[in-house]
Amino acid sequence: MKPIRIAQVVGKMMNGGVESVVMNYYRHIDRSRIQFDIIADEDSTAIPREEIERLGGRVYVVPPYQKLNKYIPALISLFKENNYKIVHSHINTLSVFPLYAAKKAGVPVRIAHNHSTAAKGETKKNILKYTLRPFAKLYATNYAACSKYAGEWLFGKKSMGRGEVAVFNNAIDLDKFSFDENIRNEVRQELGIEDKFVIGHVGRFCFQKNHEFLTDVFAEIHKIEPDAVLLLVGDGEDRKKIEEKTEKRSQGKVLFLGNRNDVYRIYQAMDVFVLPSRYEGLPVVGVEAQANGLSCVLSDKMTAETKITENATFLSIEKPAVVWAKMILSFKGQKRADALEELTACGFDISMQAKKLAEYYISLIK
């Protein structure tokens with residue numbers, strides 16, 4: 001029997017959290033029953049085409065959603081040509097467009113999946129988000145979200161309360177992120193930070209992730225702990241600005257590691273993980289850091305479900321940088337042990353969640 005092919009609409013693939021979640025599920029789902037076709041915008045910069053094809057998937061690039069007059073016809077044509085039974089769209093409020101195309105193409109199951117929320121400051125983006133939010137259910141037959149908070153934000157508390165929104169955790173391969181003292185020493189040696197107090201962050205350099213505030217926090221830490229180092233993993237439109245800002249005041253104590261395919265190793269080198277985002281759904285990096293046993297200082301602008309272990313602490317980004325600095329420094333010297341059992345119990349084991357997703361798809365087809 002042929003596997004069910006699901007069209008996964010991911011927007012722009014740029015090494016972001018959403019693409020990471022979709023790929024995590026794809027790697028662990030039973031591909032004899034379920035296969036993914038990845039549909040990405042043609043201006044994507046990081047499509048893992050080789051891996052997708054090796055797993056049995058196909059990659060289709062379409063005009064970017066900013067060009068709706070080309071985007072929608074391209075999707076209608078693609079959906080019809082491949083005769084998909086399910087289109088699963090991961091582009092939050094923008095899902096209204098691919099799901100409209102899916103309806104026009106006669107696709108019976110159309111899933112709108114929300115991974116995010118909104119925050120002050122991104123005026124143009126927010127106008128679009130709040131304009132499109134009332135249409136989230138218009139062409140969708142089913143709703144999904146990465147957390148209760150993200151589900152309520154897009155689909156409403158009533159839908160969430162009635163159990164109409166399927167929640168799929170941003171689950172990970174827990175074994176890959178378990179703490180290992182040998183790897184920690186190895187990575188710290190590679191980076192030349194053996195005897196340093198290491199603060200880490202993983203995320204795209206963009207408004208949402210709030211790197212400017214993070215570097216203000218690190219400047220305060222540096223005053224108290226001159227041997228501290230900040231590791232920044234990721235890339236994005238704000239990277240150059242942040243590099244210039246830190247160059248002036250941190251004297252080489254900030255390491256820009258770019259996009260990495262071994263992030264699981266980099267967590268080992270950290271002492272504290274910091275995520276001062278302006279908004280989030282349920283960030284997968286927060287899950288990874290907790291699995292690794294790291295003390296985590298997180299913005300309170302994300303779902304409370306992000307706190308899986310006692311090692312995670314929420315702080316308001318309205319608080320001064322020095323308050324964040326003191327909180328981070330309070331974890332210096334804390335003993336480290338991974339939290340795999342806790343994360344498994346809370347539903348963050350990808351193998352279990354991938355089974356749940358496969359059953360979900362099969363139940364929708366039936």
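Two strands count as paired if DSSP finds at least two bridges between them. By that rule, this predicted model holds an open sheet of 7 strands with parallel pairing, in the order β3-β2-β1-β4-β5-β6-β7. The edges belong to β3 (58-62) and β7 (165-167). Each has a single partner strand, so one side of each is left without a neighbour in the sheet. From one strand to the next, the twist averages 25°.

Strand β4 (residues 86-89) and strand β5 (residues 109-114) run parallel and share 4 bridges. Ser89 has Ala112 in β5 as its bridge partner.

Helices lie across these strands. Helix α1 (residues 17-28) lies across β1 (4-11) and β2 (34-41), at about 160° to β2. Helix α15 (residues 350-365) lies across β1, β2, β4, β5, β6 (142-145) and β7. Its direction is about 90° to β2.

Val198 has Val229 as its bridge partner in β9. Between β8 and β9 the chain passes through helix α9 (residues 211-224), making a right-handed β-α-β crossover. β9 also pairs with strand β10 (residues 254-258), again parallel, over 4 bridges. There Leu231 stands opposite Leu255.

Look closely at β9 (residues 228-233). In a regular strand, side chains alternate between the two faces of the sheet. Here Ala228, Leu230 and Leu232 point one way, while Val229, Leu231 and Val233 point the other. Buried means under 20% relative accessible area. By that cut-off 6 of the 6 residues of β9 are buried, so the strand is largely enclosed by the rest of the structure.

How values were computed. Residues are numbered from 1 along each chain as its sequence is written. This is a predicted model: local features need pLDDT of at least 70, side-chain atom pairs count only at pLDDT 80 or more; totals for chains, interfaces and linings use all residues. Side-chain values use heavy atoms; hydrogens and water are left out. Buried means under 20% relative accessible area, exposed over 50%, partly exposed in between (1.4 Å probe, protein chains only). Helices (H or I, at least four residues) and strands (E, at least two) are DSSP runs, numbered from the N terminus. A crossover is right-handed if, with the strands pointing away from the viewer, the path from the first strand over the helix to the second runs clockwise. Axes are lines fitted to C-alpha atoms, for helices over the stretch in contact, and angles run from 0 to 180 degrees between N-to-C directions. Contact means heavy atoms within 4.5 Å.
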